[in-house]
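Dear colleague,

I am passing this structure on to you, and the notes below go through what was found in it. Please look at the sequence and the model first, and then read on.

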Amino acid sequence: MIRLILHRLFYGLVTLFVVSLVVFLATQALPGDAAQAMLGREATPERLAALRDQLRLNDPLAVQYGSWIAGIFTFDLGMSYAANMPVADHLAPRVTASLSLMAIAALVATPISLLLGAYSALRRDRALDHGTSMATLILAAIPEFAVGILLILAFSTGWLQLFPAVYAGSASDVMRDPRQLVLPVATLVLAVSPPIIRMMRASMIEVLESEYVQQARLKGLPERTVILRHAGPNAIGPVAQVIALQLGWLAGGVVAIEFLFRFPGIGLALMDAIDTRDIPVIQAVTLLIAVVYIVVNLLADVVGLAANPKVRVSSR
Amino acid sequence: MPSLPLPDHRPHSTPAPSRRTVLMAGAAGAAVLPALSACGGGDSGGTEGGRLRVGVAGGSAKDTLDAHKATDNTDIARVYNLYDGLCGFNPDYSIEMVLAESVEPNDDATMWTVKLKEGLKFHDGSDVTADAVIFTLNRITDPDDPGSTAEQFATLDRDNMEKVDELTVELPFTDPYVNLLEVFAEYGVGIVPEGYDPQNPVGAGPFKFSEFTPGERSLFVKHEQYWRDGEPHIDELEILNFPDETARVNALVGGQVDVISQLPHSQIKVVEADDNLDILDSETGMWLPFTMRVDQEPFDDVRVRQAFRLIVDREEMVEQALSGYGSVGNDMYSRFDPGYNDDLPQREQDIEEAKKLLAEAGYSDGLEVELVTGEISPGAVGAAQVFKEQAKKAGVTVDLKQVTSTEFFGDNYLQWTFAQDYWSSRNYLAQAAQGSMPDAAYNETHWDDEEWIELIQKARGTVDDDERAEILKEAMEIEYERGGYIVWGFVNTVDGFHKKVKGLEPSVTGHPLTSYGFRRVRIDD
């Protein structure tokens, strides 16, 4: 199993390399460069030339990419063109802000989804089950920013005025007014939950129909014990992988949500960096998102393997 | 805290003005109102103190507090509040002396004498002196790191600026420079003390620096020694960046900010429908022209240019592209210049005449042109679409090429044959220097008309205001007759604010929220 994990890790690194190369080339394909984007209409030829020199945009592409990747190995992400400071310093408060948002969303979404999925399974084919099923299907089909807009209309600017519509604080202090986090967190929760709920329901139904649950019931155990001790834990195993994947999605999904709510995290930093053609920042953020994806996938695999004795043994 | 009326010990022979006379004075002219509120100072009605929260469009990691390098809206908003210049624009675009007591030219405007007001203080408590003025102008015109207005000081003889006394400076220019006051009034010429460091920005503006995170927000506090009596009224000014317009409007509607700049036209109704909110609708000198390159086919033929100008139904364009928040133009810019030519007839749509001109130019079978457009300013793409429809009637096929604004202002900017652009309020000589003279940085129509250039050069050396206005009228007539711009309209600036915020007034400068003039603002609870 260790070998399998090492194997996966190696491919993860290769994936990261490819991602960085693709993103680098893609940013080169965008019209205009950082110097032009920064100067905008003030871009007289002299000022452009001076800034390009300063940012070393005149070096050949291979050299630019090479010096960047060399920096990565020494944990130096380079300098942000736009912010004129090290990328790591520029991004640190934003990464923390985004992680806080994602962590809260994960902590809210996971237990609620598991409970709702399990409950739907127990109430199979009743009104609640059908309602949940329909709602999750609809939510899964709507893009997350549309969900966010609807939430803002319903709970902030339109129907009920309960929560702030945008985040008006700074990245270094996200907890100052937690009410501002309610709508972005709710949007993320609604976006990640449906697959978890559906998977939990399916898994629970399968387990409830299994022989050992029947056996437990026949033994005369109280239904409470059957569900909490026997069915529940066994149903969660297969769901863990889905949870991990959904949490991985959060890293990317947070981009659109942050823009909508003006939340100063990595998503807004990425949009900003694309606007200003700030390639070091674009690279850093996309790599970060890719790393989260790869790590989460790896964890999901490990959990899946650990939960399945057959695989665990055969791949030794 | 509304202050109590002073006890009146005088005999009743001089009654206080009745409500009715006050109302009549107000009705006599809107101009009276701002004057009344401005002289109120700290001891009349209204609340002092509090924090004003402002949502401003745009902003990114490259935001700066540098007094002389503002580019983005949020930069401009901050610069207006941290720094004061020698002069400033009033809301009607007339010039006001700010830090300067007077700025006077010699007979041919080659030597200007700046006299500062007495007792002015920077945020750090030091005096505003002649040395600061010289330091500031040197910093702006530093050839290694020029400020955004450096080009406008190209003829300043920077090595020979002379300090006459603590408050007086003499500024020599290599050529006559009659519109120096306008340059001094721009936001990019804020006076800073010697040794100024943008990391710890010190100015003489109404607010001083407290906190700043680029791309996010800033917090400024009241400058207690500000030179205008009683201003600013508020204690704290928080400016928040909003890259997304929907988020900006939501923040206003949801009460997280008190005022926002640049309300998108589609959202004006949303704000008006809210009893607590109001809009600030300002006519401005901002124009959104179509640009025709006069040195390229088919626009090298003046008949084609005039035909295109006759194709435009200006009323309809203002109505559709600007949702009615604008006014029609007459193919001349600088509508607030004292020399603006009002004598020329308003150009109207005339399809027959346009067809005739096109036929004379050899396009009787129709003409196909490409129009480059993009989201460079609200209304630009809409105007292009309206033009495409209007042109059909004259047998002109317009192919729209929509590009991103980065591409628009990219390598091909100033090279497009037929495109658009946006310009803010500017007086005529300043605008000509920026966009129409052959050596202008942004001569997008490649306009190079000898007769016109001669007039501009003559005007540049004419110190007498009335005489200069007459020359400018002639120059404008030439552009009206054969220029490369279609100036179909001027764009209003529409901002949104909570009704508890008092003191904002419409301003024609084109900068939102009374040129971000938050020193005027009070917050009533």
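**Contacts between domains of chain B**

Between domain 1 of chain B and domain 3 of chain B, two residue pairs are counted in polar contact, both at pLDDT 80 or more. On the side of domain 1 of chain B that touches domain 3 of chain B, the residues fall into two nonpolar, three polar and one charged. Please keep in mind throughout that this is a predicted model.

To place these two domains, the domain assignment of chain B gives domain 1 as 46–83 + 205–276 + 499–524, domain 2 as 85–193 and domain 3 as 286–492. Six residues from domain 1 of chain B and six residues from domain 3 of chain B take part in the contact, while the C-alpha centres of these two domains lie 32 Å apart. Together, domain 1 of chain B and domain 3 of chain B bury about 550 Å², with 59% of that area on carbon and sulfur atoms. Of the area that domain 1 of chain B buries against domain 3 of chain B, 74% is supplied by His265(B), Ile268(B) and Val508(B), which is more than any other three residues supply. Across this interface of domain 1 of chain B and domain 3 of chain B, the rule finds zero salt bridges.

**Salt bridges**

Side chains of opposite charge can pair when their charged atoms come close.

In one of them, Arg522(B) pairs with Glu48(B), and the closest N and O atoms are 2.6 Å apart. This pair links distant parts of the chain, since Arg522(B) lies in strand S22 (residues 522–523) of chain B and Glu48(B) in the loop between helix H2 (32–38) and strand S1 (51–57) of chain B, 474 residues apart. Arg522(B) counts as buried because its relative accessibility is 9%, under 20%, whereas Glu48(B) is partly exposed, with a relative accessible area of 31%.

Another salt bridge joins Lys163(B) to Asp131(B), where the closest N and O atoms are 3.0 Å apart. Lys163(B) is in strand S6 (residues 162–165) of chain B and Asp131(B) in helix H4 (residues 130–140) of chain B, so this pair ties together parts that are 32 residues apart in sequence. Lys163(B) is partly exposed, at a relative accessible area of 31%, and Asp131(B) also counts as partly exposed, at 25% relative accessibility.

A further salt bridge is formed by Asp331(B) and Arg309(B), with the closest N and O atoms 3.8 Å apart. Here Asp331(B) counts as buried at 2% relative accessibility, and Arg309(B) counts as buried at 1%. Elsewhere, salt bridges that share partners join Arg51(B), Glu211(B), Arg217(B), Glu236(B) and Glu238(B) into one network.

**Where chain A meets chain B**

In the contact of the two chains, 32 residues of chain A meet 35 residues of chain B. The area buried between chain A and chain B is about 2800 Å², and carbon and sulfur atoms give 54% of it. One salt bridge is found across this interface, and in a salt bridge of 3.5 Å, N to O, the side chains of Arg94(A) and Glu216(B) meet. Six residue pairs are counted in polar contact between chain A and chain B, both residues at pLDDT 80 or more. The side of chain A that touches chain B divides into 16 nonpolar, nine polar and seven charged residues.

With kind regards

Key
Residues numbered from 1 in each chain as written. Chains lettered and ligands numbered in written order. Predicted model: local features only at pLDDT ≥ 70, side-chain atom pairs only at ≥ 80, totals over all residues. Heavy atoms only, no water. Domains from an automatic or database assignment. Contact = heavy atoms within 4.5 Å. Buried area = accessible area lost by both parts, 1.4 Å probe. Salt bridge = Lys/Arg side-chain N within 4 Å of Asp/Glu carboxyl O. Polar contact = N/O pair within 3.5 Å; in protein donor to acceptor, adjacent residues only side chain to side chain. Nonpolar A, V, L, I, M, F, W, Y, C, P; charged D, E, K, R; others polar. Helix = DSSP H or I, 4+ residues; strand = E, 2+ residues; numbered from the N terminus. Buried < 20%, exposed > 50% of the residue type's maximum accessible area, 1.4 Å probe, protein only.
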